[in-house]
Amino acid sequence: MTKLTKKELIRALEESISTSGVYFLNSAESGRALDVFADAFMEDPMLTWVGHLDDGDPHKETKMLRLIRCMMGWVNHRIINGSRGVTLGVRGRTNELVGAMALKPSSTARDG
């Protein structure tokens, strides 16, 4: 089976997103993308387990956001900066980033 290259991934995405309101994020938006990822995974059972924070902690939400943002940054940094993949964004009604997706082509996966 042939693996998809980053160039092929970008070409395929460009054809699909040109009129949809989805766009390629630039590296200047990486911090906001991490905020979107952190917000999206706030209730994720695995990350809640990793955080292991007491429900009575008055700073639980802030601590979880920091933890998730850090973890998502570590996992996705080479995709967000463009070296291993691409990140797509969606803007809301007031032009703020409301959705993000990090994608990497199959050619970056290790066999085995």
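Aspartate 57 counts as buried, at 19% relative accessibility, where buried means under 20% relative accessible area, exposed over 50% and partly exposed in between (1.4 Å probe, protein chains only). The side chain of aspartate 57 meets that of lysine 63 in a salt bridge (2.7 Å, N to O), a contact defined by a side-chain nitrogen of Lys or Arg within 4 Å of a carboxyl oxygen of Asp or Glu. Lysine 63 is partly exposed, with 38% relative accessibility. The model is predicted: local features need pLDDT of at least 70, side-chain atom pairs count only at pLDDT 80 or more, and totals for chains, interfaces and linings use all residues. Residues are numbered from 1 along each chain as its sequence is written, and side-chain values use heavy atoms, with hydrogens and water left out.

The secondary structure of the protein comprises four helices and three strands, taken as DSSP runs numbered from the N terminus (helices, H or I, at least four residues; strands, E, at least two). From the N terminus on, the elements follow the order α-β-α-α-α-β-β. The C-alpha trace spans about 50 × 45 × 20 Å along its principal axes. Of the 112 residues in the protein, 28% are buried.

In total, five salt bridges are counted. One of them joins the side chains of aspartate 35 and arginine 69 (2.6 Å, N to O). This pair links distant parts of the chain, with aspartate 35 in helix H2 (residues 30–40) and arginine 69 in helix H4, 34 residues apart. Aspartate 35 is partly exposed, with a relative accessible area of 31%, and arginine 69 is likewise partly exposed at 31% relative accessibility. A further salt bridge is formed between the side chains of lysine 60 and aspartate 55 (2.6 Å, N to O). Here lysine 60 is partly exposed at 21% relative accessibility, whereas aspartate 55 is exposed at 65%.

Two residues in loops have a positive phi. Most residues other than glycine have a negative phi. Histidine 52 has a phi near 40° and is placed in the loop between H3 and helix H4 (60–80). Histidine 52 counts as exposed because its relative accessibility is 68%. Asparagine 95 has a phi near 70° and lies in the loop between strand E2 (86–91) and strand E3 (97–103). Asparagine 95 is also exposed, with 53% relative accessibility.

On the surface, Met46, Trp49 and Val50 form a nonpolar patch with about 370 Å² of accessible area together. Methionine 46 belongs to helix H3 (residues 45–51). Patches consist of residues with over 30% relative accessible area and no salt bridge, nonpolar side chains (Val, Leu, Ile, Met, Phe, Trp, Tyr) being joined within 5 Å and like charges within 9 Å.

The largest pocket has a volume of about 180 Å³. A pocket is an open set of points on a 1 Å grid over the protein atoms alone, where a 1.4 Å probe fits, with protein on both sides within 12 Å along at least five of seven lines; lining residues have an atom within 4 Å of a point. The lining consists of Trp74, Val75, His77, Arg78, Ile79, Arg84, Lys104, Thr108 and Arg110. By class, three of these residues are nonpolar, two polar and four charged.

Note on methods. Areas by Shrake-Rupley, 256 points an atom, 1.4 Å probe, with all protein chains shown as cover. Points joined across faces, edges and corners; volume = space filled by probe spheres on them. Nonpolar A, V, L, I, M, F, W, Y, C, P; charged D, E, K, R; others polar.
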